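Subject: Structure handover

Hello,

Please find the structure below.

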Amino acid sequence: MTITIEQPQLDAVAAERKVPGGGDPAELVLDGGFAVPDANAFGNTFRDYDAESERKKTVEEFYRVNHIRQTHEFVSRMRAEYGRLDKTEMGIWDCIELLNEFIDDSDPDLDMPQIEHLLQTAEAIRKDYPDQDWLHLTGLIHDLGKVLLHPSFGELPQWAVVGDTFPVGCAYDECNVHFKYFKENPDYHNPKFNNKFGAYSEGCGLDNVLMSWGHDDYMYLVAKENKTTLPSAGLFIIRYHSFYPLHKHGAYTHLMNDEDKENLKWLHVFNKYDLYSKSNVRIDVEKVKPYYMSLIDKYFPAKLRW
């Protein structure tokens, strides 16, 4: 069975790198080590939602449905249901192998199985940041929440699993891709939600903000509730790596607290690899698997509740 499925772009100079030898995340310098390709797997610029390609209509239809149906009520219900983590128990690598069945319908840049993207991302980070093993592992696992598409996880529709994410419960920023479709979302017309702060307050912290439901938030819940020892920046990357309105356009910063602002620096580092490492170059899975298994053992229990 092949099921099709997210990703979105970072401005070319937005990626940063930690100063060698340690230091806090504030001491980041521009990274010139990673060569950004000129085009995606279809020959177009990355995250070009208007480019004529065989995936253009599929991607736009995905966002139309996503923007109409991702309401505050829907997200609250999904978080309550999936936050119980009662679907199954399995290890991280078992979950990675499940993703071999999936291709992301919202991604205009690639149409290969997800395990390829995970390994491309992780290996590109590993090359440039050899001492940040937590970041290598974050690259490997950041999309594992896409198992929500699998029958044993409820076989959720694509619009409830992948794509750019955004806060629900406050006004939608116009930088959201295909913004026009939000006008058909019930929350767009709800005075409780259709203003700048909506259900939130200035500097409340993104932890207190409901994000559109999907693989990002689900994997964040799985990692957190299974007591991962990844640093907070790793969890931040997992939950917000698809939050392009924030890390590409700078929207919704009024909801961030100080910890969010520090962790965002690491998300900017990560995003370049998440987006631009997508290619048709294959990774030798068996060759790199022992290294990533050692990281999984370091940062996660052998079996996780999902």
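In α4, the residues Leu-118, Leu-119, Thr-121, Ala-122, Ile-125 and Arg-126 meet Leu-135, His-136, Gly-139 and Leu-140 of α5. To meet, or be in contact, means having heavy atoms within 4.5 Å. Sorted by class, this contact of α4 with α5 holds six nonpolar, three polar and one charged residues. Here Ala, Val, Leu, Ile, Met, Phe, Trp, Tyr, Cys and Pro count as nonpolar, Asp, Glu, Lys and Arg as charged, and the others, Gly among them, as polar.

Before going on, note that this is a predicted model, in which local features need pLDDT of at least 70 and side-chain atom pairs count only at pLDDT 80 or more, while totals for chains, interfaces and linings use all residues. Residues are numbered from 1 along each chain as its sequence is written, and side-chain values use heavy atoms, with hydrogens and water left out. Helices (H or I, at least four residues) and strands (E, at least two) are DSSP runs, numbered from the N terminus.

Helix α4 covers residues 114-128 and packs with α5 at an angle of about 165°, the axes being 7 Å apart. That makes α4 roughly antiparallel to α5. Axes are lines fitted to C-alpha atoms, for helices over the stretch in contact, and angles run from 0 to 180 degrees between N-to-C directions. Under 35 degrees counts as roughly parallel, over 145 as roughly antiparallel, 65 to 115 as roughly perpendicular, and the rest as oblique.

The packing of α5 with α9 has an angle of about 60°, with the axes 11 Å apart. So α5 is oblique to α9. On the α5 side the contact has Trp-134, Leu-135, Thr-138 and Gly-139, and on the α9 side Trp-266, Val-269 and Phe-270. Those residues divide into five nonpolar, two polar and no charged.

**Helix α7**

How many of the nine residues of α7 are buried? Eight are, so the helix (residues 232-240) is mostly covered. Buried means under 20% relative accessible area, exposed over 50%, and partly exposed in between (1.4 Å probe, protein chains only). The buried residues of α7 are Ala-233, Gly-234, Leu-235, Phe-236, Ile-237, Ile-238, Arg-239 and Tyr-240. They pack against α2 (72-82), α5, α6, α8 and α9.

**Two residues with positive phi**

His-178 has a phi near 50°, which is positive in a residue other than glycine. His-178 sits in the loop between α5 (133-141) and α6 (215-225), and is buried at a relative accessible area of 13%. Tyr-252 is not a glycine either, and its phi is about 65°. Tyr-252 belongs to the loop between α8 (244-247) and α9 (258-276), and is buried with a relative accessible area of 4%.

**Annotated positions**

An unreviewed UniProt entry places a "binding site" feature at His-117, His-142, Asp-143, His-215, His-241 and Asp-274. UniProt positions are given in the numbering used here, feature names are shortened, and annotations may be inferred rather than shown by experiment. Asp-143 is in the loop between α5 and α6, and is buried, with a relative accessible area of 0%.

The unreviewed entry also places a "binding site" feature at positions including Arg-47, Lys-146, Gly-163 and Ser-242. Gly-163 is found in the loop between α5 and α6, and counts as buried at 2% relative accessibility.

Regards
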